[in-house]
Amino acid sequence: MIPSPQFKDPMEYLVQGCERPWEVAIEPFKVAPRTYYVGNAWVGAYLLETSEGLILVDSTMQPQVYIVFEGIRKLGFDPRDIKLLMLTHMHYDHVGGARVIAEHTGAKVMMSREDAHFLRSHPEQLFDNGYAYGEFEIEDHYSDDAPVVLGDLKIDTMLTPGHTPGTTSFFFDVTESDGTIKRCGLHGGIGLNTLTDEFLQEHGFSASTRSDYLASMARLKNLHVDITLGSHPAQVSMLEKLPLITDAHNPFDDPSVWQWLVAQRTRQVEELIARSSMRPAC
């Protein structure tokens, strides 16, 4: 059975995932050629196969790392072949297992400069809730002008601030068996929980953060993405599509999903701003 949790406070998911990780464990699955989901029912992680080893996108939480590793093994790969760990943003549910993974595999860890600085200056924004965590070394940063390359895979990155100052989105091409090229896209963090009046006021952040989010969405809306990868699978109903997978049909190959996601979140933030009692800082 595929766990399909209902929407609730992210901290409730965090508690469940850290204290009862087996409750959100799911089988790994193929999303696109050489692209596999190895996260859990709440938060995503992706394994990318290249000619020179493996790339892991996001680490999930430290108590969940064994699920990530087991999923990789079930797919026929060795976690020790992970050469690169690419982190989308600095929240615990995405980076909590980074140190364990880096120490076990020797993988190089990458994160945006902006979130590396944010993590150092606002460690309370990690939202680890006191769960197991180890500081990790960030060995390299992203640049919109320079793709990340490992072997025969090139990943274009785009700084898309809003959810965090350094949230980064990833885009790469895969080749189908018939030679057709498909574009995969992962928005690094589209959650609106860090954009509410209550959150911004409690933590002393400017309402201009929401303008940053909208500017990011404006950059993304004209991109063509065939296969949308959810930072959290529920964001694009990934788990609900698993029964639709056949040898002849990939339900994740749907360009309308990216456009829907960007339009939906843009509208939600605009509504949030319209209802807001805060005004952006001048």
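I began with the salt bridges and counted twelve of them, where a salt bridge is a side-chain nitrogen of Lys or Arg within 4 Å of a carboxyl oxygen of Asp or Glu. I remind myself that side chains of opposite charge can pair when their charged atoms come close. I note that this is a predicted model, in which local features need pLDDT of at least 70 and side-chain atom pairs count only at pLDDT 80 or more, while totals for chains, interfaces and linings use all residues. Residues are numbered from 1 along each chain as its sequence is written, and side-chain values use heavy atoms, with hydrogens and water left out.

**Entry on Asp-152 and Arg-34**

I looked up Asp-152 and found that it forms a salt bridge with Arg-34, the closest N and O atoms being 3.1 Å apart. Asp-152 sits in the loop between strand E7 (148-150) and strand E8 (153-159) and Arg-34 in the loop between E1 and E2, so this pair ties together parts that are 118 residues apart in sequence. For the names I keep in mind that helices (H or I, at least four residues) and strands (E, at least two) are DSSP runs, numbered from the N terminus. Asp-152 is partly exposed at a relative accessible area of 47%, and Arg-34 is partly exposed at 33%; buried means under 20% relative accessible area, exposed over 50%, and partly exposed in between, with a 1.4 Å probe and protein chains only.

**Entry on Asp-144 and Arg-219**

Next I checked Asp-144, whose side chain meets that of Arg-219 in a salt bridge with 3.2 Å from N to O. Asp-144 lies in the loop between helix H5 (113-121) and E7, and Arg-219 in helix H7 (residues 208-220), so the pair ties together parts that are 75 residues apart in sequence. Asp-144 is partly exposed at 39% relative accessibility, and Arg-219 is partly exposed at 41%.

**Entry on the sheet**

I then turned to an open sheet of six strands, in the order E1-E2-E3-E4-E5-E6 and with mixed pairing, where two strands pair if DSSP finds at least two bridges between them. Its edge strands are E1 (29-32) and E6 (108-110), each of which pairs on one side only. Strands of a sheet pair through backbone hydrogen bonds, either parallel or antiparallel. I found that E1 and strand E2 (residues 35-37) pair in the antiparallel sense over three bridges, and that Tyr-36 in E2 is the bridge partner of Lys-30.
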